[in-house]
Amino acid sequence: MAKLIISRDGQIEQQIQLNKERMTLGRHPRNDIVLSHPAVSGDHAAITTILDDSFLEDLHSTNGTFVNGHRIGKHFLQHQDQIRLARFQIEFIADGIRPLAAAQPVLAEISILNGNNAGKHIALTKSQTTLGRTGALLVAIHRHPAFYTITHVDGEPAPLLNGTALDKQVAERLSNGDVIDLGGTSLAFRLA
């Protein structure tokens, strides 16, 4: 399972396994990870882990949460991302082992790669999930027993699957890591 290496002033203070689906960070003792420093908010941030993916979310902290030097609201964590909360430097280490989830496992999901919703994920748990809007650009992702397909339902220009335009009303089988371009919004298809 993924872990955090927490340092202050260049000295490693603790290593924490992300062994729960949601773990909170903050100054208050009720947090899963307590960071004792006055510049850390009582409830500063949370890390949610779903399957192999971990997301860091700032909980409206006073001094902000930073990843690789950039202030974030919500961030999809990558191996060796550098997180800063006040005087704490935190390195995220991913190892690909999944923690036990409290909810029903997600078989696949769509990750939004750019735009205002970058870092957000859409679980593909229903038999059909639509993306986009009718009259503009709309695709449908269908969940089958052993695989997923994507169909261009409505709108122009055609959405792209790995750089190739989708034909209208023709179902294309999705593979792990496929990139979908919906009118400039890039999405990644990920299997659990």
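The following paragraphs describe the overall layout of a predicted model and then a selection of its residues.

Residues are numbered from 1 along each chain as its sequence is written, and the side-chain values use heavy atoms, with hydrogens and water left out. Since the model is a predicted one, local features are reported at a pLDDT of at least 70 and side-chain atom pairs at a pLDDT of 80 or more, whereas totals for chains, interfaces and linings use all residues.

The protein is divided into domain 1 (3-93) and domain 2 (108-191), with bounds that come from an automatic or database domain assignment, and the C-alpha centres of domain 1 and domain 2 lie 31 Å apart. Along the principal axes, the C-alpha atoms fill a box of roughly 55 × 30 × 25 Å. The secondary structure comprises zero helices and 21 strands, where helices (H or I, at least four residues) and strands (E, at least two) are DSSP runs numbered from the N terminus. Of the 192 residues in the protein, 40% are buried; here buried means a relative accessible area under 20%, exposed means over 50%, and partly exposed lies in between (1.4 Å probe, protein chains only). Among contacts (heavy atoms within 4.5 Å) between residues at least 6 apart in sequence, 35% join residues at least 24 apart.

A UniProt annotation from an unreviewed entry, "domain: FHA", covers residues 23-72; UniProt positions are given in the numbering used here, feature names are shortened, and annotations may be inferred rather than shown by experiment.

Two residues of the loop between strand E4 (33-34) and strand E5 (45-50) can be described together, namely Val-40 and His-37. Val-40 counts as buried, at 0% relative accessibility, and His-37 is buried as well, with a relative accessible area of 18%. Not counting residues up to four places away in sequence, Val-40 touches Gly-26, Arg-27, Leu-35, Leu-85, Ala-86 and Phe-88, while His-37, with its neighbours within four places left aside, is in contact with Arg-8, Arg-27, Ala-86, Arg-87 and Phe-88. The side chain of His-37 also reaches the backbone nitrogen of Ala-39 at 3.0 Å.

Aromatic rings were considered next. Rings of Phe, Tyr and Trp (its six-membered ring) pair if their centres lie within 6.5 Å, and planes under 30 degrees apart count as stacked, over 60 as edge-to-face and the rest as tilted; by this rule the count comes to two aromatic pairs. The rings of Phe-55 and Phe-76 have centres 5.6 Å apart and planes at 40 degrees, so this pair is tilted. Because Phe-55 lies in strand E6 (residues 53-58) and Phe-76 in strand E9 (residues 74-76), the pair ties together parts that are 21 residues apart in sequence. Both Phe-55 and Phe-76 are buried. The charged end of Lys-74 sits over the ring of Phe-55, 5.9 Å from its centre, the criterion being that NZ of Lys or CZ of Arg is within 6 Å of the ring centre and within 35 degrees of the ring normal. Elsewhere, Arg-173 lies over the face of Phe-147, at 4.1 Å from the ring centre.

In strand E12 (residues 108-112) lies Ser-111, which is buried with a relative accessible area of 2%. The side chain of Ser-111 makes a polar contact with the side chain of His-121 (2.7 Å), a polar contact being a pair of N or O atoms within 3.5 Å; within protein, one must be able to donate a hydrogen and the other to accept it, and residues adjacent in sequence count only if both atoms are side-chain atoms. Leaving aside neighbours within four places in sequence, Ser-111 is in contact with Lys-120, His-121, Ser-186, Leu-187, Ala-188 and Arg-190.

Finally, some backbone features concern loops. Most residues other than glycine have a negative phi, and most peptide bonds are trans. His-60, in the loop between E6 and strand E7 (65-67), has a positive phi of about 55 degrees although it is not a glycine, and His-60 is exposed, with a relative accessible area of 77%. Asn-162, in the loop between E17 and strand E18 (164-165), likewise has a positive phi, near 55 degrees, and is partly exposed at a relative accessible area of 44%. The peptide bond from Glu-156 to Pro-157 is cis, with omega near -5 degrees, and Pro-157 is placed in the loop between strand E16 (148-155) and strand E17 (160-161).
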